[in-house]
Amino acid sequence: MPRGSRDPLTESRVIGDVLDSFTRSIALRVSYGTREVNNGVELKPSHVVNQPRVDIGGDDLRTFYTLVMVDPDAPSPSDPNLREYVHWLVTDIPATTGASFGQELMCYESPRPTVGIHRFVFVLFRQLGRQTVFAPGWRQNFNTREFAEHYNLGQPVAAVYFNCQRESGSGGRRA
């Protein structure tokens, strides 16, 4: 990315709150039904009930990746004392495939923010080998940087995030 250009991960403080600056080196595509996750897109909780489809690029099936989905704004953006909250953890995903080919260590928990706009961040790391990453003991107060360091995952190879806030209960259904 050229210097001076506006990186959405930096603008949204995903770089800073969750990750250090990194260079994207692999394709990561996340979609909920027909809705593709692009940095900063707004998705309603009703859009993200079911785990998303995740496709990973690369060219060597012998290379494996770990996908982490976290909420750095739990329980509220003004007081994120549970930061980061793990919503999903999948390891041993072969390159060129998707999360469904990996080992789900923490099942998908759909986002249900109650206060404020939350960022939900998908981070992809390259593993050193298969079965080298294990689940943390709990979901709250997770630290993506420490997790990566503990399992020698290095810097992320890709990341994307979406915004989500509580749906208002009034006014009927809107798509």
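**Strands and salt bridges in a predicted model**

Strands E1 (residues 28-32) and E4 run antiparallel and are joined by four bridges; strands here are DSSP runs (E, at least two residues), helices likewise (H or I, at least four), numbered from the N terminus. This is a predicted model, where local features need pLDDT of at least 70, side-chain atom pairs count only at pLDDT 80 or more, and totals for chains, interfaces and linings use all residues. Residues are numbered from 1 along each chain as its sequence is written, and side-chain values use heavy atoms, with hydrogens and water left out.

Staying with E4, Asp-55 is the bridge partner of Arg-29. Buried means under 20% relative accessible area, exposed over 50%, partly exposed in between (1.4 Å probe, protein chains only). Arg-53 counts as exposed, because its relative accessibility is 54%.

Next, the open sheet. Six strands make it up, in the order E3-E9-E8-E5-E6-E7, with mixed pairing; two strands pair if DSSP finds at least two bridges between them. E3 (41-42) and E7 (103-106) stand at the edges with a single partner strand each, so one side of each has no neighbour in the sheet.

Last, salt bridges: a side-chain nitrogen of Lys or Arg within 4 Å of a carboxyl oxygen of Asp or Glu. The whole structure has eleven. In one of them, the closest N and O atoms of Arg-119 and Asp-17 are 2.9 Å apart. Arg-119 is in strand E8 and Asp-17 in helix H2 (residues 14-17), so this pair ties together parts 102 residues apart in sequence. Both Arg-119 and Asp-17 are buried.
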